[in-house]
Every structure is written in C-alpha cells, then in structure tokens.
Amino acid sequence: PTSPLSQPGDAPASAALLERARAVTPGGVNSPVRAFRAVGGTPRFMASGRGPWLTDVDGREYVDLVCSWGPMILGHAHPAVLEAVRDAAGRGFSFGTPSENEVLLAEEIVDRVGPVDRVRLVSSGTEATMSAIRLARGFTGRSLVVKFAGHYHGHVDSLLVSAGSGLATFALPDSAGVPAEMAAETIVVPYNDVPALEAVFAARGGEIACVITEAAAGNMGVVPPQPGFTQALRRVTAEHGALLVSDEVMTGFRVGRAGWWGHEGVDVAPDLMTFGKVMGGGFPAAAFGGRADVMALLAPDGPVYQAGTLSGNPVATAAGLATLRACDDALYARLGEVARAIADAASAALSDAGVPHRVQWAGSMFSVFFREGEVRTYDDARAQDAAAFGRFFHAMLDAGVYLPPSAFESWFVSGAHDDAAVERVVAALPAAARAAAS
Ligand code: PLP
C-alpha cells in the first residue's frame with residue numbers, strides 16, 4: 001500500500017460527500033458514531049476494503065482497527081466469504097421461506113455455544129436483545145429488566161438508558177422519544193458491583209424478569225467482569241427466578257470459538273444469549289438463543305411473538321457460515337498475537353511520551369484508556385482524558401491507521417492483519433503518543 005499521509009481535514013472527497021449526505025440524512029450518517037463527533041474532523045467515507053486495509057474516497061489507505069465494529073474478523077473481502085456470498089446471491093436474494101443455510105448456521109452456533117439449545121435468527125443485535133427481553137418477560141410473567149451502567153445492547157427503547165449517580169437508580173431515558181414509563185421498567189446497576197445487584201434483588205426480586213449483561217463489556221471501552229462477577233449474576237438471578245441474558249453480540253465468536261462463555265469458563269450457563277457482528281460476516285445476521293424450555297415459548301410454538309421478513313436471509317447466512325467455519329483455533333491464536341503486538345507498542349509509545357494510560361483486555365479485544373488504574377465501572381471509564389485520545393486518534397488517522405473514533409470503544413483486529421499492517425501501526429504510534437501528550 002502507498003503511504004496515505006494526510007493533513008487533518010485533508011479529505012476533500014469525504015468532505016464533499018458529507019455535505020451531500022447531510023442534505024438528505026440527519027448528520028450525514030446512518031449510525032451516529034460514524035460522524036466523528038467525539039474526535040472532531042471529517043468522517044472518512046470508505047470506498048473499499050481488502051484484508052486489513054480500508055481505502056477512502058480520496059484514495060488513502062488505512063490499517064483498519066475497527067473492523068466494522070467487530071464483524072470483519074477475517075478482514076475485508078475474505079476470499080472464502082466472498083465466494084460463499086457470490087454463490088448464495090447467484091441463487092436468489094431472499095425467499096421468505098426456510099432455507100438450508102439457516103439450519104447450518106443455527107447448528108454451528110448450537111455446536112459452539114454450550115448453553116444454547118435452540119437459536120432464532122434475526123437481522124441485527126438490537127433485534128436480538130429486544131427479542132430476548134420480550135421472551136424473558138413472557139417466560140417469567142414479570143416486567144422489570146436489570147442492566148449495567150455503561151453496557152450497550154442496541155437501541156431498544158427500554159435498554160437505551162443510563163444510570164444516574166448513586167448505588168442503583170431507576171433509569172432515565174438516554175434518548176428523547178423513550179417514554180419515561182418504558183425507562184422505568186429498567187433498573188440500572190453499577191457494573192462489577194455484586195452488593196448493588198443483591199440490594200436491587202432484595203427489594204424487587206419478585207418483579208425482575210431478567211438481568212442483561214454484556215458478557216464482557218466492550219461499549220465503554222473494554223471492561224471485563226471481575227473474577228466471580230458472572231457467577232454472582234447466575235446465583236442471584238437463579239435465587240429469584242429471574243433469567244440471565246448474556247449479550248455476546250460483540251464478544252460472540254470474536255474472543256474465542258464459543259465467545260466469552262467459552263473463554264471465561266463453562267461453569268456459568270446463561271438462560272439466554274444474544275449474538276451478532278461476527279456471525280453475520282459483515283452482513284445483517286444476528287441471533288438469540290438459549291434454554292430449550294424458554295425458547296419453546298417463541299411463536300409459532302408458543303405465545304411470544306417474534307418475526308422478520310429478512311430473518312435468516314440466504315446471502316447473510318452464507319456469509320456468516322463461511323466466516324464461522326474459518327474461525328478456528330489458529331485464527332484466534334493469530335488475533336491474540338496481533339492484538340498483543342499492537343497494544344504493547346501503543347503502551348510503550350504512550351509511556352515514552354509520558355501519557356497516563358491503561359490497556360484492558362477481553363480475549364483479543366482491547367482498548368486503551370487515557371487514564372491510569374484499573375477500569376471496573378462506567379464511572380471509571382468516563383474519568384479519562386478524551387481530548388488526549390482525540391489528538392492521538394487524528395495523528396494515527398493522518399499516518400494511515402483507522403482507530404475507533406471514540407475513547408470508549410474496543411479496538412479490533414482480524415486474521416488478515418499481517419506484518420505489513422502491524423508495522424504501519426507500530427510506526428505511527430510514537431508521533432501519535434507525542435500528539436496525545438501535547
Ligand atoms: N449488543 C452489544 C453488546 C453491542 O455491542 C451491539 C452493537 O454494538 C448491540 C447489542 C447492537 O447490535 P446492532 O448494532 O447490530 O443492532
């Protein structure tokens with residue numbers, strides 16, 4: 001790849017497209033974080049991707065450390081996935097009937113993830129968590145949902161809430177348009193805080209349908225559960241007859257062949273789990289699944305309704321299946337090596353420049369917090385120097401490295417990140433670290 005060195009704001013074709021986009025789309029983007037609001041500057045419109053590289057509409061190439069926010073675990077346009085997609089598309093795009101690839105993808109998921117007896121395919125992670133919660137409510141006949149501060153489960157109304165200060169709060173909507181009554185069905189508890197969870201259950205346990213948790217948090221930066229936390233979730237929910245919903249939309253098939261569940265240990269079986277991202281291979285495919293007796297309540301067998309015109313889409317399931325089939329132990333070992341090389345280099349560069357920071361891990365997912373000390377909660381994560389990250393981000397972008405455009409995100413690598421890609425990142429780090437320090 002050619003060197004894409006650019007000046008900040010020097011992205012004329014992206015800037016022109018953004019202006020046109022703004023005239024027809026709010027903010028010019030179809031998902032808010034793409035707008036670069038947290039770091040400033042012009043979001044890059046990408047024209048193509050191959051392996052670990054992205055090329056923007058100005059012709060500049062970047063090493064991609066976002067990987068479409070997780071899905072592109074094999075890199076862009078992976079040959080096996082491309083072939084599967086071409087083959088599937090050549091046979092039709094959508095049938096609105098059952099098809100074989102749906103069965104194969106469901107079998108692959110059930111085979112990998114022990115607690116999942118049955119799985120239902122949907123089109124996005126948001127749909128997966130929304131449906132899992134409806135199912136938990138239908139199964140228990142209760143309505144309250146417990147979530148953790150800083151965890152993101154998609155833009156489901158009742159989950160689009162954050163905690164106020166205090167030990168455990170009834171949630172206030174995080175978004176206009178979410179009725180207060182709906183937010184009031186959600187209780188937000190600080191993450192990694194077992195006593196707070198126990199207090200909520202002691203007060204309202206008989207009304208709680210489920211606890212939903214990111215298996216390892218990745219949406220406030222990477223904050224894994226403290227040792228014993230997941231076990232405590234299982235114990236407390238079981239004691240009170242509530243379900244445990246583990247959201248593996250980000251971690252599933254990313255941190256290991258059976259996701260965080262397989263990574264952390266098989267001693268905690270959630271009742272329901274949600275998946276997305278990697279299992280769609282870059283196409284809209286997601287899923288929720290779990291205990292057979294709970295899943296049996298779903299329509300058409302049971303009374304909990306859930307459906308989708310494009311659910312189990314033949315092209316998306318072909319991409320997901322081809323992706324999962326390539327996700328073997330060797331791939332996960334490679335992801336770990338690449339992530340370690342990049343994180344170690346980032347940490348060394350920041351140390352040399354005197355920038356306080358901390359790297360945290362969940363499998364090969366990691367993030368660099370611009371603060372010292374362990375990050376266990378959302379409040380910890382927020383107490384970082386986001387402005388320093390912004391300077392770091394832009395220096396990396398100028399040097400041809402595409403980081404997540406926010407300090408509160410995981411960095412992702414792929415099996416296609418080869419030595420050339422890693423070298424590009426490592427070469428860019430010292431100057432970026434100095435920019436962060438300035
Ligand atoms: N759950 C988690 C843990 C996620 O990280 C995300 C997306 O980032 C979602 C749910 C929502 O998935 P989607 O964006 O496909 O709706």
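1. Ligand shell. In this predicted model, the ligand is surrounded by 16 residues. Ser124, Gly125, Thr126, Gly154 and Val249 are the closest. Helix α4, residues 125-140, supplies the largest share of the shell, with three residues. By class, nine shell residues are polar, five are nonpolar and two are charged.

2. Confidence in the complex. The predictor's scores for the complex are an ipTM of 0.99 and a pTM of 0.96.

3. Confidence along the chain. The average pLDDT of the chain is 94. A score of at least 70 is reached by 95% of the residues. Two stretches need a caveat. Residues 1-8 stay under 50 in pLDDT. The model still gives residues 1-8 18 contacts beyond four places in sequence. Residues 163-168 are also below 50. That stretch, 163-168, has 14 contacts in the model beyond near neighbours in sequence. Where pLDDT is low, the predicted coordinates should not be read in detail.

4. Domain 1 puts 25 residues into the contact, and domain 2 puts in 28 residues. On the domain 1 side, the elements giving two or more residues are α11 (329-352), β14 (358-362), β15 (365-369) and α12 (378-382). Which of these elements gives the most to the side of domain 1 that touches domain 2? Strand β15 does, with four residues. The class count for this side of domain 1 is 15 nonpolar, eight polar and two charged residues.

5. Helix pair α6 and α7. Helix α6 spans residues 194-204, and helix α7 spans residues 229-239. They pack at an angle of about 10°, with their axes 10 Å apart. Angles under 35 degrees count as roughly parallel, and α6 and α7 are therefore roughly parallel to each other. From α6, the contact uses Val194, Leu197, Glu198 and Phe201. From α7, it uses Phe229, Ala232 and Val236. By class, the contact of α6 with α7 has six nonpolar residues, one charged residue and no polar ones.

6. Points to keep in view. For the ligand, start from the 16 residues of the shell. For the domains, start from the contact of 25 residues from domain 1 with 28 residues from domain 2. Treat residues 1-8 as a stretch with pLDDT under 50, and residues 163-168 as one below 50.

Terms used:
Residues are numbered from 1 along each chain as its sequence is written. This is a predicted model: local features need pLDDT of at least 70, side-chain atom pairs count only at pLDDT 80 or more; totals for chains, interfaces and linings use all residues. Axes are lines fitted to C-alpha atoms, for helices over the stretch in contact, and angles run from 0 to 180 degrees between N-to-C directions. Angles under 35 degrees count as roughly parallel, over 145 as roughly antiparallel, 65 to 115 as roughly perpendicular and the rest as oblique. Two residues are in contact if their C-beta atoms, placed from the backbone, lie within 7 Å. Ala, Val, Leu, Ile, Met, Phe, Trp, Tyr, Cys and Pro count as nonpolar, Asp, Glu, Lys and Arg as charged, and the others, Gly among them, as polar. pLDDT is the predictor's confidence in each residue, from 0 to 100. A residue is near a molecule or strand if its C-beta atom, placed from the backbone, lies within 6 Å of it.
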